Amino acid sequence: MEIEINLASPEKRKAPDFYNLTFGNIFTPHMFLMRYEEGKGWHSPKIVPFSDIELHPAAIVLHYSQGVFEGMKAYYGVDGKIRLFRPWDHINRLNRSADRMCIPTLEPEKVFEAIKTLVLLDKDWIPRKRGSALYIRPVIFATEGTLGLKISHEYLFMIILSPVGAYYQEGFNPVRIYVTEEYVRACPGGTGDIKTGGNYGASLKAQEMANKKGYSQVLWLDPLYRKYVEEVGSMNIFFYFENELTTPALTGSILPGVTRDSVLKLAPKLGINATERRISIEEVIEGIEKGTLKECFGTGTAAVVSPVGEIYYKDKSYRINNGQTGELTKTLFDYITGIQYGEKEDSFGWAVILED
Ligand SMILES: *Cc1c(COP(=O)(O)O)cnc(C)c1O
């Protein structure tokens, strides 16, 4: 693939000091763009200086949400090498999401090449502090300007990069989550198992409610019975009962997380029995009350593994593991980040080193 490169000015390319990074508010000097037109296919890949983009006011994505995205990270390893974590799984999921939204898929090798070229061009913007990383956000959306509800004939594929800080500024901070019975996130046959914007827009009302009550995230229940646990805002969820680490089975309304899959594969290596099944919220509450639920954590690219210290359900709040981070949670966090930063043996071949 021949990528046309139009460089930003040298002043714009200089990386700032990353002393106080948050999530997703600053961007690197370049972005990748590629267009699709019916009959022409995907064409004219290019890297240009980061800037606003022009959109037709009737662009289908703005009105009917025909768009998908991904989220992955590049890390500076302890050996000075740049690594991506399971990029092919993210790229394949991007294509699965695209297919569900009737967006033409991309050749995985071309997406990888686009990411690699862009990340290496802006590699000075990968923060080096442990825990920080370069967040990679590929997005594809329908650009055809028409108010007719139909499949777009034109798309833009874009990749933008954002240096992000350690999710935990001073050590692990267990999050408090709020179980909503009023709203649901997704339903079988819907789009809960792909990354498309509408899912997230629809989740904000419950998120706002949780925040007002002093909780940081929503724990979603299944849409039919409002009984079985599904996942958290942008994380999958795990429960560590006495002899079992378990996570809700993929029912079609749960996002199949790459980090979720990594935990399921790593747990047996730690001698832990990992399962996927239906988990009712009553089982969780009972486990907390009886003391059989030892730990609870969320998984996702942003936080890797995020301890859950408290669950709010039916006007009552329940503390897990005394509100503290559990041992298994910490071990899994260290294991996965160890692979991402090139410290631990990568026996699954998950880390992909980027070289010029
Ligand atoms: C992205 C996402 C996750 C986590 O997926 P990872 O591949 O582990 O980053 C979980 N749930 C939702 C709803 C998501 O959007």
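Predicted model: local features only at pLDDT ≥ 70, side-chain atom pairs only at ≥ 80, totals over all residues.

Visitor: Is Ile53 buried, exposed or partly exposed, and how do I decide?

Guide: The general idea is to look at the relative accessible area, where under 20% counts as buried and over 50% as exposed. For Ile53 the value is 35%, so this residue is partly exposed. Together with Leu55 and Leu62, Ile53 makes a nonpolar surface patch of about 240 Å².

Visitor: Which domains does the assignment give for the protein chain, and how many residues does each bring to the contact?

Guide: The domain assignment gives domain 1 (4-164) and domain 2 (175-339). The contact between them takes 21 residues from domain 1 and 21 residues from domain 2, while the C-alpha centres of the two domains lie 28 Å apart.

Visitor: How should I read a pair of strands, for example S16 and S17?

Guide: One asks in which sense the strands pair and what joins them. Strand S16 (residues 304-313) and strand S17 (residues 316-319) pair in the antiparallel sense, over four bridges. Their hairpin has two residues between the strands, and Lys314 takes a positive phi near 45° there. Within the pairing, Glu310 stands opposite Arg319 in S17.

Visitor: With which residue does Glu310 form a salt bridge?

Guide: The idea is to look for a side-chain nitrogen of Lys or Arg within 4 Å of a carboxyl oxygen of Asp or Glu. Glu310 forms such a bridge with Arg176, and their closest N and O atoms are 3.1 Å apart. This pair links distant parts of the chain, since Glu310 is in strand S16 and Arg176 in strand S9 (residues 175-180), 134 residues apart. Glu310 has a relative accessible area of 12% and is therefore buried, whereas Arg176, at 32%, is partly exposed.

Visitor: What separates Lys330 and Asp334 in helix H9?

Guide: Lys330 and Asp334 are separated by about one helical turn, because they are four residues apart in helix H9 (residues 327-340). They form a salt bridge whose closest N and O atoms are 2.9 Å apart. Lys330 is partly exposed at 37%, and Asp334 also counts as partly exposed, at 29%.

Visitor: Which residues are linked in a network of salt bridges, and how many salt bridges are counted?

Guide: Arg86, Asp89, Asp261 and Lys265 are linked in a network of this kind, and the count comes to 17 salt bridges.

How values were computed:
Residues numbered from 1 in each chain as written. Heavy atoms only, no water. Pairing = 2+ DSSP bridges. Patch = residues over 30% accessible without salt bridge, like charges linked within 9 Å, V, L, I, M, F, W, Y side chains within 5 Å. Areas by Shrake-Rupley, 256 points an atom, 1.4 Å probe, with all protein chains shown as cover. Buried < 20%, exposed > 50% of the residue type's maximum accessible area, 1.4 Å probe, protein only. Domains from an automatic or database assignment. Contact = heavy atoms within 4.5 Å.
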